[in-house]
Structure formats: C-alpha cells, structure tokens
Amino acid sequence: REFRMVCEEGCHYFGYQDPDLPKKYSPQITQLHLEDFGMSYVIRLSDGRFVILDGGCGFEPDLERLRGHLTTHAPNGHPIIAAWILSHPHSDHYLAFNFFMERYGEEVELQKVLLNFPDHHDTARYPKLDHRDSRFSYSTSGTDNIPRMYDNIRRSGAQTFMLHTGQTYRVGDATFEILACIEDTVHLSQNINAISAILRMTLGGQVTLWCTDGSMSL
C-alpha cells in the first residue's frame, strides 16, 4: 500500500558498467589517516584507476595525504578517479571533496560521482543540515556545502549517478551493490546518519561491506 516515484534531472540512472580495461595492478584498499575524525578510503582498481569513498573533513594535511597517495600510486603520476562515492552529508565524510576539487581538481581526472543526498534546503526533514560546528573555522553546514559540492562536480565534468537501493555499479573490476540509502529511511528518521549509503563491494575475489555511518537505531 505504498507508492514511490523517483524523479531525477541531470543525472545518470539504473547503475553503471565500465568497459573492460587491461588489468595491470593488484587491487588495493587504503585507509588514509585523518587529522581528526571521519572516513577516507582509497581503492585502487586493477586498471590503475581509483575509487574514493568519502574523504573526511578536509583539513589541509588530509588533502595532502590524499593527493600524495593518488599521485604515488597512479600510473605515470596522473590520477584517474573512476568514481568518488559520497555516503552522506556529514562534514567528516564529504567536505574533503569540496576542498580537494577546488585545490587539486586540475591535477586529477574525475570520471563519476556516486551519491544520494537530500536537498540542501530540506531542513524541515533534516534540521541538522544547517548545523555549524564551532570547532571548525569554516562552515560545515549542508545548506552551504551541498550546493558547493554540486558546483564542483559540474566544473569537473564528471557524470553524476544517484544511488538507489538495489542498483549495481561495475566500476573497473569492482562491483558495488547498493544495499540501502536515503529512500529507505526518509520517512522514518531525521538522523542524517540514517540516510548513509550502505554498499557491498566485490573486488579481487573479496567482499567488503561498507556501512559508512548507517544507523543501527531503525
């Protein structure tokens, strides 16, 4: 007794499958050290491209570590980011994307961004979107930074894919199955963690469950 309609503009839909590229490297998952808290993982695919999961708050040393890791492990020193996955709009997960692309965007090739965020002005449903953390010298508010994020994506020329539960994305030799996202909890909770994307990744014969900040309270 429920009807759900998804209406989207300016994005690609129903998953993605990369063309097969030569496999030259061993797949690798790296958890990057962060100055404070948050989540930042870099996945190297067998073709030498990368998938980034979140990125953290975006403190300058964190950005330098990310840039250094990509440059060091990229073929010919030119990083190609096959996909940047942003799990949910908490500052310790997605803000680094803005700072990195604004500072180093011309040094990398960003091909795809995968996400499913609420509208930046949807403070009626998610009041904490407008939260401003006094510990930071910059705005951590989603009302400021989500539009900025989309501007950075547009400037990069990357394709945007909206994540939906049940989709499968094949990025290089990694497969990402979307197990949960905002649509599963939008009517149940105002907790931004509850709208985190949860993904099951298969790469190199191994399966990794990325729970990001998925809430256990539902």
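**Entry 1: nonpolar cores.** I looked up the largest nonpolar core in this predicted model. The core holds 34 residues, and I noted W84, L86, F97, F100 and M149 as those in touch with the most other members. I then listed the elements that contribute two or more residues to this core: strands β4 (50-54), β5 (80-85) and β7 (112-115), with helices α1 (60-73), α2 (91-104) and α3 (142-156). The largest share, eight residues, is supplied by α2.

I followed M149 individually. Leaving aside residues up to four places away in sequence, M149 touches L86, Y94, F97, N98, L115 and F117. I also recorded another core, which lies apart from the largest one and has 22 residues, including V51, F176, M201 and W210. For context, I note that nonpolar side chains in soluble globular proteins tend to be buried together.

**Entry 2: the five-stranded sheet.** I traced an open sheet with mixed pairing, in the strand order β1-β9-β10-β11-β12. Because β1 (16-17) and β12 (206-210) are at the edges and each has a single partner strand, one side of each is left without a neighbour in the sheet. I examined the pairing of β9 (residues 168-171) with β10 (residues 174-180): the two strands run antiparallel and are joined by four bridges. V171 stands opposite A174 in β10.

**Entry 3: the second largest pocket.** I recorded a volume of about 290 Å³ for this pocket. The second largest pocket is lined by 17 residues, of which H90, S91, K128, H131 and I192 are the closest to its centre.

Technical notes:
Residues are numbered from 1 along each chain as its sequence is written. This is a predicted model: local features need pLDDT of at least 70, side-chain atom pairs count only at pLDDT 80 or more; totals for chains, interfaces and linings use all residues. Side-chain values use heavy atoms; hydrogens and water are left out. Two strands pair if DSSP finds at least two bridges between them. On a 1 Å grid over the protein atoms alone, a cavity is a set of points where a 1.4 Å probe fits but cannot get out, and a pocket is an open set with protein on both sides within 12 Å along at least five of seven lines; lining residues have an atom within 4 Å of a point. Grid points are joined across faces, edges and corners, and a volume is the space filled by probe spheres set on the points. A nonpolar core is a set of buried Ala, Val, Leu, Ile, Met, Phe, Trp, Tyr and Cys residues joined through side-chain atoms within 4.5 Å. Buried means under 20% relative accessible area, exposed over 50%, partly exposed in between (1.4 Å probe, protein chains only). Contact means heavy atoms within 4.5 Å.
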